[in-house]
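Subject: Structure handover

Hi,

Here is the structure we talked about. Please open it and keep it beside you while you read my notes.

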Amino acid sequence: DILGTEEDMILRPLEDEVDLIILRQAVGELPDREREIIYMRFGLGGRKEQTQKEVAVQMGISQSYISRLEKRIMLRLRRELIRQTNCI
């Protein structure tokens, strides 16, 4: 308060770090194949972000199947994130 710093400016970086930790844990709970798809699609782990088509070609499956898998994976991640944040 003395310096006039808003509380949100202090707490937001801490909250972001906690969110990142929870996301990493949730992704870590995925089966290997699903985790690999998420890493390729969203450029995690220092990788380049790729389109569904690029991922499909690399994995030897159809783009429509990647789309369906991605939706299922995102639902699973959402549930895992909710579960983990309720445990905190």
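Which residue forms a salt bridge with E36? Keep in mind that this is a predicted model. The partner is R47, and the closest N and O atoms are 2.6 Å apart. This pair links distant parts of the chain. E36 sits in helix α2, while R47 is in the loop between α2 and α3, 11 residues apart. E36 counts as partly exposed because its relative accessibility is 30%. R47 is partly exposed too, at 35%.

The other salt bridges

The structure holds 7 salt bridges. Side chains of opposite charge can pair when their charged atoms come close. One of the bridges joins R41 and E70, at 2.6 Å from N to O. R41 has 15% relative accessibility, so it counts as buried. E70 is buried as well, at 12%.

R83 and E80 meet in a salt bridge of 2.6 Å, N to O. They are 3 residues apart in helix α4, which means about one helical turn separates them. R83 is partly exposed at 44%. E80 is buried at 14%.

E34, R72 and R76 are linked in a network of salt bridges. E34 lies in helix α2, residues 32–42. It counts as buried because its relative accessibility is 8%. Beyond its sequence neighbours up to four places away, E34 touches R72, I73 and R76.

Leaving aside neighbours within four places in sequence, R35 is in contact with V27, G28 and L30. The C-alpha atoms of R35 and I73 are 8.6 Å apart, with the two residues 38 apart along the chain.

The nonpolar residues

The largest nonpolar core has 12 residues, including V27, L30, I37, V55, I66, L69 and I73. Helices α1, α2, α3 and α4 each give two or more residues to this core. α4 gives the most, with 4 residues. In soluble globular proteins, nonpolar side chains tend to be buried together.

Some nonpolar residues are on the surface instead. I10, L11 and L14 form a patch there, with about 270 Å² of accessible area together. I10 is in helix α1, residues 7–28.

Best wishes

How values were computed:
Residues numbered from 1 in each chain as written. Predicted model: local features only at pLDDT ≥ 70, side-chain atom pairs only at ≥ 80, totals over all residues. Heavy atoms only, no water. Buried < 20%, exposed > 50% of the residue type's maximum accessible area, 1.4 Å probe, protein only. Contact = heavy atoms within 4.5 Å. Patch = residues over 30% accessible without salt bridge, like charges linked within 9 Å, V, L, I, M, F, W, Y side chains within 5 Å. Areas by Shrake-Rupley, 256 points an atom, 1.4 Å probe, with all protein chains shown as cover. Salt bridge = Lys/Arg side-chain N within 4 Å of Asp/Glu carboxyl O. Core = buried A, V, L, I, M, F, W, Y, C linked by side-chain atoms within 4.5 Å.
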